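Q: I would like to learn how to read the packing in a structure like this one. Could you take me through it step by step?

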Amino acid sequence: MSAPLSLGPARPVPLSAVNPVAQLTGIVVVTAVLLICGDLVTPLVVLAAELALLPAAGLTRPADVARRTWPLLLSAAGITWVNVAFGSLEGAAAWQSGATWGVRVIALALPGVLLVASTDPVRLADALTLHWRVSTRFGYGALAALRLVPLLATEWESIRLARRARGVDAGRNPVAGARLLAGTAFTLLVGALRRATRLATAMDARGFDSGVARSNARGSVLRPLDGWFVAAAVALCAVAVTASVLTGAWHPVFS
Amino acid sequence: MSAGGGPATVRLAGWGFRHASRRAWAVRDVDLVVLPGERVLLTGASGAGKSTLLRALGGLLEPESGDVAGELTVDGAVPDRRRQRVGMVFQDPDSQLVMTRAGDDVAFGLENTGTPPELIWPAVDTALDAVGFPLGRDRATAALSGGQKQRLVLAGALAPRPGLLLLDEPTAQLDPEGAALVRAAVVRAVAGRSATLVVVDHDVEAWLPLVDRVVELLPGGGAVGHPAGWRPAPLRLPERQPHPPGEQLLAGVGAGYTHRGSDRPAVAPTDVVLRAGRTLAVTGPNGTGKSTLALLLAGLRAPTVGEVVAGPALIAGLRYPDRPPARWRAGELARRIGTVFQQPEHQFLTGRVRDELSLGPLRSGAGAAEAHAAAEALLDRLGLAPLADANPFTLSGGQQRRLSVATALATRPRVLVLDEPTFGQDRETWAELVALLAEQQDDERALCLVTHDAAVVAALADDVLTLGRPVGVG
């Protein structure tokens with residue numbers, strides 16, 4: 001559960017050489033095209049290119065790929081199944097519609113997986129605040145908050161055990177089970193808020209967001225490579241749409 | 001700006017603070033002067049307002065959050081205007097680190113003051129060296145021990161070269177090894193007297209050799225300075241009655257635990273016996289699985305190797321007596337084995353102290369009248385009666401600790417398992433807790449204490465299990 005969220009200094013992979021804001025721009029381009037297209041060919045071409053990038057993001061072993069993508073694959077499978085089972089179409093047409101949805105979802109979300117796998121979160125915050133003028137309060141505040149996410153899993157377990165020690169369990173009663181779950185979640189939330197308050201105080205004490213213009217120790221540079229990366233994303237979309245039109249599959253969702 | 005300026009002067013004259021919505025003053029009538037480069041330990045019972053005073057010095061008390069009396073200045077100005085002259089370290093390292101790499105985190109404070117990048121990295125290296133952080137800039141902060149994290153936090157506070165360094169119980173959440181690391185780092189950091197130091201801590205003995213003088217905040221208001229050579233009164237220890245080993249209540253037989261997906265056991269297979277009227281202390285360095293062993297004995301986790309076996313006195317009345325404690329119903333468990341966790345807050349389930357105490361008995365089958373009588377008795381016994389209607393989450397750390405022990409006692413279990421019950425407690429609370437636990441032992445309960453606190457071991461333990469090698473002490 002925590003693996004897709006895990007956050008730490010990422011080890012550098014070839015894709016890390018591309019600035020996070022260039023990667024985000026690429027994602028915006030690809031996402032726009034995938035949202036417009038309604039066929040199967042376009043997302044298939046995009047998906048093939050994304051899969052070709054997996055090794056550059058350090059995802060070579062199938063186990064690593066699975067660890068990063070299982071929630072995504074699960075939801076894509078779910079969407080495909082819902083479309084096949086409950087869609088208005090029958091037989092092969094139903095399967096094609098389902099597959100289109102599934103492939104689209106994967107092609108839409110995979111760039112996010114590539115970004116997370118290849119990008120150190122601190123570098124992402126640096127790039128966003130320096131190039132896109134995202135407020136430092138938001139950028140580094142979110143970064144600090146994300147650091148606390150893995151702690152929540154440990155805390156959840158200890159709250160659950162503490163309740164059992166107090167004589168509280170649900171037995172086989174689903175209503176009691178739901179109430180217990182809600183209570184545990186509430187205690188977790190209270191704890192998380194208290195910790196967040198402490199973190200905010202500590203950041204205040206270190207002069208965060210005190211009105212002085214912030215400097216950046218690491219910096220974030222845009223290189224020609226970043227321009228080429230965005231150009232490649234645009235070219236990929238052009239190729240995908242052309243292929244779709246030539247095969248006669250193209251039908252945008254707005255038509 | 002931040003660099004330069006030398007050590008700061010602190011002056012308080014008749015200073016006091018009252019939190020909005022409270023009737024009593026958190027601190028009042030404090031007169032205190034700390035000279036440049038001086039090192040002062042600020043102590044006092046929990047609830048005497050030490051942390052409030054320290055926050056005020058750091059300029060972190062919002063004016064609208066309460067009423068202020070008297071005057072408080074840092075270098076002759078209100079602390080709010082001296083924020084960049086102050087470095088602060090709090091208790092919990094996890095809620096102070098911001099970045100994912102050690103060096104980036106130390107740089108954070110320098111970035112906030114707008115220091116040019118080319119000056120940041122030399123300052124980061126100086127600060128890391130000043131605290132003796134051995135692991136380099138690129139180390140992931142998440143993978144550090146508590147002591148090393150806190151060292152890093154200290155380096156982050158020192159990097160902007162503050163004139164006033166404020167430490168708020170910086171070692172309260174660390175094991176003795178980590179605490180020693182942090183104190184050593186503080187000694188290195190202030191060796192040149194380039195910063196004035198004010199430390200708030202309960203552990204007076206540990207800081208005495210490192211400070212010039214001790215100032216004690218009094219609970220009723222005011223502060224007294226203790227003369228050089230002053231020592232705190234020795235800890236009050238309860239009178240111990242010797243107990244012959246009673247019947248066996250609970251035992252771990254080669255009990256060990258390995259987390260799923262891990263190839264190294266969290267607890268190696270361990271033999272351990274808890275007997276009526278005896279106290280077993282489980283000690284050992286961090287990472288040997290003391291707390292996990294406590295969870296196995298408490299019936300909260302099932303061992304992955306070996307077993308945990310309950311004795312006849314504990315099994316009596318169970319619906320399925322053949323099942324191990326980890327599979328008992330929660331109500332049955334709470335009546336037989338009481339557990340006190342390291343974080344008292346995790347255990348609280350209600351909005352009132354009184355309800356908190358009657359909840360366990362109600363859940364484990366006692367009638368309402370019986371449960372309330374038990375709650376009232378415990379309230380009186382533990383001095384919590386004046387707080388009966390307070391919300392458990394609003395109590396002070398010491399009061400919360402007493403309440404969490406009381407909730408475990410409310411169901412009258414024969415076995416008590418406690419994880420670091422004396423962590424971060426002031427001397428008064430410490431003595432109360434030890435007396436309370438000694439009483440449980442006299443009542444023929446079996447106690448299992450997981451602890452780093454050598455004084456608790458000396459005061460209570462009949463047997464000591466240093467994980468891996470059991471040693472009897474009489």
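A: A nonpolar core is a set of buried Ala, Val, Leu, Ile, Met, Phe, Trp, Tyr and Cys residues joined through C-beta atoms within 7 Å, where buried means that 20 or more other C-beta atoms, placed from the backbone, lie within 10 Å of a residue's own. This is a predicted model, in which local features need pLDDT of at least 70 and side-chain atom pairs count only at pLDDT 80 or more, while totals for chains, interfaces and linings use all residues. Residues are numbered from 1 along each chain as its sequence is written, and chains are lettered from A and ligands numbered from 1 in the order in which they are written.

Q: Which residues have the most contacts inside the largest nonpolar core?

A: They are B:Leu154 and B:Ala155, in a core of 110 residues. Another core, of 71 residues, lies apart from it and includes B:Leu295 and B:Val417.

Q: How are two packed helices described?

A: One gives the angle between their axes and the distance between the axes. Here α2 (residues 102–112) and α4 (residues 146–158) of chain B, both helices being DSSP runs (H or I, at least four residues), pack at about 35 degrees with axes 7 Å apart; axes are lines fitted to C-alpha atoms over the stretch in contact, and angles run from 0 to 180 degrees between N-to-C directions.

Q: Which residues of α2(B) and α4(B) meet?

A: Contact means C-beta atoms, placed from the backbone, within 7 Å. B:Ala102, B:Asp105, B:Val106, B:Phe108 and B:Gly109 of α2(B) meet B:Leu152, B:Ala155 and B:Gly156 of α4(B).

Q: How many residues does each chain give to the contact?

A: Chain A gives 44 residues and chain B gives 52, and α8(A) gives the most on the side of chain A, with 11 residues.

How values were computed: Helix = DSSP H or I, 4+ residues; strand = E, 2+ residues; numbered from the N terminus. Contact = placed C-beta atoms within 7 Å. Buried ≥ 20, exposed ≤ 12 C-beta atoms within 10 Å, placed from the backbone.
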